[in-house]
Amino acid sequence: MKIAINEIKVTAGRRKASLTGIDELVRSISEVGLLNPITIDADHILIAGLHRLEAAKRLGWTEIECTVCGLDGLQAELAEIDENVVRTALSTIEYGELLERRREIYESLYPETKAGLSQAAGMNRAVGKHVSDKMSPTSKSFAQDTAAKLGVSARTIERTMQTMKGLTQETRDVFHNFPDYKLSQSNAGKLSRLDPKKQKTAAILLASGQIRSVDEYEPEQGKSPQKAKQRKEFLEIVAELKDPTKHVPIDSELLLSDYRGMVCEVRQRMDSYRQPYYEEAVLSLSRTEVDELQSLTDFCCEMLQNFVKQVKEGKWQRPD
């Protein structure tokens, strides 16, 4: 049935719609129409279909096709989570946290699933539900139900939940404070296996670009124990400086340490470009590409020189 768009309510605190997702839907709906109605409850509160609703508004619609559903409370939230997980671009942490909430809801609605499939039928009978020993619709484990909804394997869901279980709240908060950083599933897994006391430091180093892999935070193979220890101590100082959750007083020694680290990283990257596997790429550069290399190099040199000049003249200032 069609409902006036201005009668549909979107609850506060709901995850915001992705602008990219809305743009894609506007193009699709304008070409082929609305293939799937949005879902609302009896009070016209939106359960699922925020992106479709926003796309309809952009198209100037005053009404939209709706499915009125009797879901309430936890079931409505479960439907909303499923839509967000499937349709929205989520970070690794956001995705994991939504699945955590989904498990809470699912196991509240179907408590028999907590004990596993082998005991589900017996528990149903114990609470007065006369079911056979065969699997009932409510006896699917959380991992199996979620996997079916998302089109992945149950093992994938289990690995994600295991990773999230191992991540401390402080570690998660780091990535909430660095929203532009894309945490990989691999690094998330490695973080979750670190000592909880080390996780936040490694997370800050990753999110601030000081290291590319959690492996770099641990002693590197092939280096002396003393050098490995010195590097780790240096990285921990950098992590303290980059911690987005607190203000750290920075003195001249810490500034120089951070600056040395930046120069060292640039030198290491430049050394890597001289390795044999780059030779063919370097020799095949066009004149235009060489000019771009020169332009980028001049830009970097100018930034460094301007910074030092400002320091010398006592006119240090933030860039616009």
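Reader: How many residues does helix α3 have, and what span is expected for α3 at 1.5 Å a residue?

Author: This is a predicted model, in which local features need pLDDT of at least 70 and side-chain atom pairs count only at pLDDT 80 or more, while totals for chains, interfaces and linings use all residues. Residues are numbered from 1 along each chain as its sequence is written, and side-chain values use heavy atoms, with hydrogens and water left out. Helix α3 (residues 73–87) has 15 residues and reaches 22 Å from its first C-alpha to its last, close to the expected 21 Å, the expected span being 1.5 Å times one less than the number of residues. Helices are DSSP runs of H or I with at least four residues, and strands are runs of E with at least two, numbered from the N terminus.

Reader: Why is R102 called buried?

Author: R102, which is found in helix α4, has 1% relative accessibility and therefore counts as buried, since buried means under 20% relative accessible area, exposed over 50%, and partly exposed in between (1.4 Å probe, protein chains only).

Reader: Which residues is R102 in contact with, leaving aside its neighbours within four places in sequence?

Author: With contact meaning heavy atoms within 4.5 Å, R102 touches L78, I81, D82, F142, D145, T146 and K149. Among the buried residues of α3 are L78, I81 and D82, and the buried residues of α3 pack against elements including α4 (92–109) and α6 (142–150).

Reader: Why does M262 count as partly exposed?

Author: M262 lies in helix α12, and its relative accessibility is 32%, so M262 counts as partly exposed.
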